[in-house]
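I opened this model to look up a few local features. My entries follow in the order I made them.

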Amino acid sequence: MSRKKKSISIHDRELFREAMKDVLPLNQDKVMPFQHHLPPIPQQRERDEALVIQDMMSETFEAAELETGEELLYLRPGVPKRLLRQLRQGKYSIGAELDLHGMNVPMARQALASFLRECERNDIRSLRIIHGKGRGSYQKEPILKGKVNAWLQQKDQVLAFCSARSADGGTGAIYVLLKRRR
């Protein structure tokens, strides 16, 4: 059974030529599949950091010397006491500040972790964190103050921290000194 080729009319040929007049021939006949390249986002590192935040700043951590008094003081073991003395005297210029007023505990934990990570990336060593005195809390007791105290003691990059001078927030804020970036 043979098939006859259907002839193309002159009119159809002219239409085809008109439609193809601006088309350039291909240099090769292979078709490359579309490749979508994702931007280089360190997704695994971000997931790892989120897990570290959860682990390192947990609610179940009990600080060895969690103070219930007004002033907060902490010096990582092995760090010279003069650093804490200088920090208390305000001899370090503040490179960054975080205000936790109005935040609940989960928001404050996330904000603090992000703030510390950003300070570390930018090699900022001296910080002020305003946790408040708890006057706006339900029982008029400082909730974030104790949490911040415990969270910071869990962070290896924190060398020392202490309550701020009265001009910088007094017992409603703390100065924090971080390790130098390697």
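I looked up Val23 and found it in the loop between α1 (10-19) and α2 (43-56); helices are DSSP runs of H or I of at least four residues, strands are E runs of at least two, and both are numbered from the N terminus. The model is a predicted one, where local features need pLDDT of at least 70, side-chain atom pairs count only at pLDDT 80 or more, and totals for chains, interfaces and linings use all residues. Residues are numbered from 1 along each chain as its sequence is written, and side-chain values use heavy atoms, with hydrogens and water left out.

Val23 also belongs to a nonpolar surface patch of about 300 Å², made together with Phe16 and Met20. Patch residues have over 30% relative accessible area and no salt bridge, with nonpolar side chains (Val, Leu, Ile, Met, Phe, Trp, Tyr) joined within 5 Å and like charges within 9 Å. A salt bridge here is a side-chain nitrogen of Lys or Arg within 4 Å of a carboxyl oxygen of Asp or Glu. The areas are Shrake-Rupley values with a 1.4 Å probe, and for residues only the protein chains shown count as cover.

Next I went to strand β5 (residues 173-178), where six of six residues are buried (under 20% relative accessible area; exposed is over 50%, partly exposed in between). Ala173, Tyr175 and Leu177 are buried on one side, and Ile174, Val176 and Leu178 on the other.

I then checked the neighbours of β5. Strand β3 (residues 126-130) runs antiparallel to β5 and is joined to it by five bridges; pairing requires at least two DSSP bridges between two strands. Ile130 stands opposite Ala173. Strand β4 (residues 158-163) also pairs with β5 over five bridges in the antiparallel sense, and Ala160 has Leu177 as its bridge partner.

Ser163 lies in β4. I count Ser163 as buried because its relative accessible area is 5%. A polar atom of its side chain lies 2.7 Å from the backbone nitrogen of Leu72.

I looked at Asp123 for its backbone: phi is near 55°, a positive value in a residue other than glycine. Asp123 sits in the loop between α4 (105-121) and β3, and is partly exposed at 43% relative accessibility.

How many disulfides are there? I found zero, taking a disulfide as a pair of cysteine sulfur atoms within 2.5 Å. Cys119 is buried at 2% relative accessibility, and Cys162 is buried at 0%.

Key: Buried < 20%, exposed > 50% of the residue type's maximum accessible area, 1.4 Å probe, protein only. Polar contact = N/O pair within 3.5 Å; in protein donor to acceptor, adjacent residues only side chain to side chain.
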